[in-house]
Amino acid sequence: MEVAHYPRTMSGPAASVIERFLDHLSAERERSHHTVRAYAGDLESLRHHLDEVGVGSWGDLTLTHLRGWLAGVSESGASRTTVARRVSSARTFCRWAKKQGVMATDPSVRLTAPKRHASLPDVLQASQAAQILDSARDRTSAGGTGEIRSSDAAERAGGESDPTTRAVALRDAAVLELLYATGMRVGELVALDEASLDETNRLVRVMGKGRKERMVPYGAPAETALRLWRSTGRPALAQAASGPALFLGVRGGRIDQRQVRSIVHAATSAVEGAPDLAPHGLRHSAATHLVEGGADLRTVQEYLGHASLSTTQIYTHVSAERLRAGYVQAHPRA
């Protein structure tokens, strides 16, 4: 595992145990860099607390120490979600430490997390999603000369050629169509290679969390956008070092998450009344529209790559809230 996965300030025996645990997460459990960094930050926070209260060994960690740490985290203004994540990090670490013989017992067994506030994600109306995608398609036929500019478009403002301008418009349209069609995460999208597409069956092979692979269908509009991008747009941006990446930036390298966020932000902010969404907002929107269209939760769970059905159930709440809002607005006796 690369040193950058955890804070460089860690030192001493307690820190070396954390580093062994992070190696385990990265190499054996194949957790993402983002996940490993989150664990590292949480456990460094715990280690710092133990230093302050005079606990020098993980073997001396108790439930009281863990509760004191979390109380301090909460008092510092951390959200319930952050506290709940740190509880989860501590539990996972303590289970591993006990198996490794670092701790004689697991002090986190009776550690409880605060209940999270039920916050519903912002989602697009189906008509807003259609407007965003239609506008992206229209910009490809207009040579990419619309008003919306992603970060790549801004970078080209100094006078790139028209083929490059249209290539970026084709790419942006394909990115938006595929995100909405499949509900995939932004990290999953940027990792796609050309070979990830099964064009015959309109399926895309997605590598999800924990390196779990799933096949997700996409529809005719996404198929058209992808075909135009691959036949016309991608060759205009490709360089010798581009490799197999499906989506490219203007310099020919694999597109990154920052660029995709810029594309989605620019597209959604241009539609009046639409929420300003990140790529995950398109994922929420796609799932919500599936549920509203009658898809069962198990299907949506597989589509999104959720490990637990309980994670998918939030979309039934979103649909219910939208139904309630429409009722209150329209029914004479609401």
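Predicted model: local features only at pLDDT ≥ 70, side-chain atom pairs only at ≥ 80, totals over all residues.

User: How do the rings of Phe21 and Tyr39 meet: stacked, tilted or edge-to-face?
Analyst: Ring centres have to lie within 6.5 Å to pair, and planes over 60 degrees apart count as edge-to-face. Here the centres are 5.7 Å apart and the planes sit at 75°, so the Phe21–Tyr39 pair is edge-to-face.

User: And how far apart in sequence are the parts that this pair ties together?
Analyst: Phe21 belongs to helix α1 (residues 12-28), while Tyr39 belongs to helix α2 (residues 33-52). The pair therefore ties together parts separated by 18 residues.

User: Is Phe21 buried or exposed?
Analyst: The cut-off for buried is under 20% relative accessible area. Phe21 comes in at 0%, so it counts as buried.

User: Which helix holds Phe93, the other ring paired with Phe21?
Analyst: The rings of Phe21 and Phe93 have centres 5.3 Å apart and planes at 80°, so they are edge-to-face too. This pair links distant parts of the chain, 72 residues apart, with Phe21 in helix α1 and Phe93 in helix α4 (residues 80-99). The helix you want is α4.

User: Over to the sheet: which residue in β3 is the bridge partner of Val204?
Analyst: Three strands make an open antiparallel sheet in the order β1-β2-β3. Strand β2 (residues 203-207) pairs with β3 over five bridges. In β3, the partner of Val204 is Val216.

How values were computed:
Residues numbered from 1 in each chain as written. Heavy atoms only, no water. Pairing = 2+ DSSP bridges. Helix = DSSP H or I, 4+ residues; strand = E, 2+ residues; numbered from the N terminus. Phe/Tyr/Trp six-rings, centres within 6.5 Å; stacked < 30°, edge-to-face > 60°. Buried < 20%, exposed > 50% of the residue type's maximum accessible area, 1.4 Å probe, protein only.
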